[in-house]
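Subject: A structure for you to look at

Hi,

Here is the structure I promised to pass on. Please open it next to this email, and read on for what turned up in it.

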Amino acid sequence: MDYGTLRGLIALLILALFIIIVVWSYSKKRKSAFDEAANSIFEEDKEKTELNDVNGKQETNKNV
């Protein structure tokens, strides 16, 4: 096996991995998990705001 053949096989392997990742990420089964992960950052802020409302404290930035 020469160097060119090896490079071709590696290129095909990388192309196959790319296609697998694209199919996996755009599959309908994964949509709900990705939506949940995308909105998780807003849920943390919402929980933090609700805790501050319950305690009557307002979050301040002490660095300013």
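With a relative accessible area of 49%, Asp-2 is partly exposed; buried means under 20%, exposed over 50%, and partly exposed in between, using a 1.4 Å probe and protein chains only.

Before going further, please note that this is a predicted model, where local features need pLDDT of at least 70 and side-chain atom pairs count only at pLDDT 80 or more, while totals for chains, interfaces and linings use all residues. Residues are numbered from 1 along each chain as its sequence is written, and side-chain values use heavy atoms, leaving out hydrogens and water.

Next, the rings. (Rings of Phe, Tyr and Trp, taking the six-membered ring of Trp, pair if their centres lie within 6.5 Å; planes under 30 degrees apart are stacked, over 60 edge-to-face, and the rest tilted.) Trp-24 belongs to helix α1 (residues 3-25) and Phe-34 to helix α2 (residues 31-55), so the pair ties together parts that are 10 residues apart in sequence. Helices here are DSSP runs (H or I, at least four residues), numbered from the N terminus. Trp-24 is partly exposed at 45% relative accessibility, and Phe-34 is partly exposed at 32%.

What joins Asp-35 and Lys-31? A salt bridge, with the closest N and O atoms 3.2 Å apart; the term means a side-chain nitrogen of Lys or Arg within 4 Å of a carboxyl oxygen of Asp or Glu. Both residues lie in α2, 4 residues apart, about one turn of the helix. A search of the whole structure finds 1 salt bridge.

Finally, after α2 comes Gly-56, with a positive phi near 75°.

Happy exploring!

Methods. Helix = DSSP H or I, 4+ residues; strand = E, 2+ residues; numbered from the N terminus.
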